[in-house]
Amino acid sequence: MSSDSEFAHIDAHHHFWDLNQFEYPDFPPEGTVLRKTFLIPELEQAIGDTPVRQTVFVQVFHSYEENEWVLKLVESCDTVIGVVGWVDLTDPKVGELIDKLKTHPKFCGIRHLTHNEADDNWLLRDDVQRGLGILEEKNVAFDLLLKPPNLPAIPSVAAKFPKLRMVIDHIAKPYIKEGVLEPWKDQISKCAEFPNIFIKLSGMITEADMTSWTQEQLQPYASHVISSFGCERVMYGSDWPVCLLASDTYARVHQSYFDLAVGAGCGSDDMRRVFRENALRFYGVS
């Protein structure tokens, strides 16, 4: 099956950053291809002739200023149809902060850099769960940026907030370079039991050996994700421009994930879900 598709694909996970606008904490790393500004022209040039025609921006760091900056940046951009921002979930005024973001038509979700928290069970804290309850109440999607040690907490969060739509970014960053599947595999299966949890087929090539990764190394992880969640709750994300650490072109990244989905048994209707419809449904964008 070729990725030259009859439908417009959606990239449900990418970033922008402007080194002249913000001082990013410890990012992008010095001496890498990422140490420059990436904005809408760079994204549209990168997408090029791939079938991707629409995208969702996901926050880079914990910043209210970044929220406002990117919402203004994409206001008249047809390519970027959604913005996942950030709020401090422990802020007593988190509801007001969410209401302000919801006035922007392209705002579609919240993400916290959960895997950067010292406490692997940060999402189980009472003050954090109050914030998650407000996201649920206000029908705002939540991106879960996790590593394997964070996964055991997710089923209880999903059970407590059954109407909160959550998506696991980058398949929770398993140890692909080392070829380790367990306990990630079992933990992913447990998360998939909850219908309010989705997962992004993204961020995998930078968890593999970035100079020598192969489809064969990635396939067991992709296949497990798709068999666990089904094609109704998996969505494609490039993680551009971070993916450039492991690939010289966006097209190679897109084709890799397309081939992984095919290799996991996705048919033509399934591919439409993974590469378009699930992102529209999860984020409520159009």
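**Aromatic pairs and a helix contact**

Me: How many aromatic pairs are there in this one?
Reply: The count comes to 15 aromatic pairs, and keep in mind that this is a predicted model.

Me: OK, what does the pair of Trp 17 and Phe 38 look like?
Reply: That one is edge-to-face, with 5.6 Å centre to centre and 80° between the planes. Trp 17 and Phe 38 both sit in the loop between β1 (9-14) and α1 (40-47), 21 residues apart.

Me: Are Trp 17 and Phe 38 buried or exposed?
Reply: Both Trp 17 and Phe 38 are buried.

Me: And why is the pair of Tyr 236 and Phe 275 called stacked?
Reply: Their planes are at 25°, and under 30 degrees counts as stacked. The ring centres are 5.1 Å apart.

Me: Where do Tyr 236 and Phe 275 lie?
Reply: Tyr 236 is in strand β8 (residues 234-236) and Phe 275 is in helix α9 (residues 268-283), so the pair ties together parts 39 residues apart in sequence. Tyr 236 and Phe 275 are buried too.

Me: Which residues do ring pairs link into a cluster?
Reply: Trp 17, Phe 27, Phe 38 and Trp 240.

Me: Switching to helices: at what angle do α6 and α7 pack?
Reply: About 25°, with the axes of α6 (residues 184-192) and α7 (residues 215-229) 9 Å apart. That makes α6 roughly parallel to α7, and their crossing is right-handed.

Me: Which residues make that contact?
Reply: From α6, they include Trp 184, Ile 188 and Ala 192; from α7, Tyr 221, Val 225 and Phe 229 are among them.

Terms used:
Residues are numbered from 1 along each chain as its sequence is written. This is a predicted model: local features need pLDDT of at least 70, side-chain atom pairs count only at pLDDT 80 or more; totals for chains, interfaces and linings use all residues. Side-chain values use heavy atoms; hydrogens and water are left out. Rings of Phe, Tyr and Trp (its six-membered ring) pair if their centres lie within 6.5 Å; planes under 30 degrees apart count as stacked, over 60 as edge-to-face and the rest as tilted. Helices (H or I, at least four residues) and strands (E, at least two) are DSSP runs, numbered from the N terminus. Buried means under 20% relative accessible area, exposed over 50%, partly exposed in between (1.4 Å probe, protein chains only). Axes are lines fitted to C-alpha atoms, for helices over the stretch in contact, and angles run from 0 to 180 degrees between N-to-C directions. Angles under 35 degrees count as roughly parallel, over 145 as roughly antiparallel, 65 to 115 as roughly perpendicular and the rest as oblique. A crossing is left-handed if the near helix is turned anticlockwise from the far one by less than a right angle, and right-handed if clockwise. Contact means heavy atoms within 4.5 Å.
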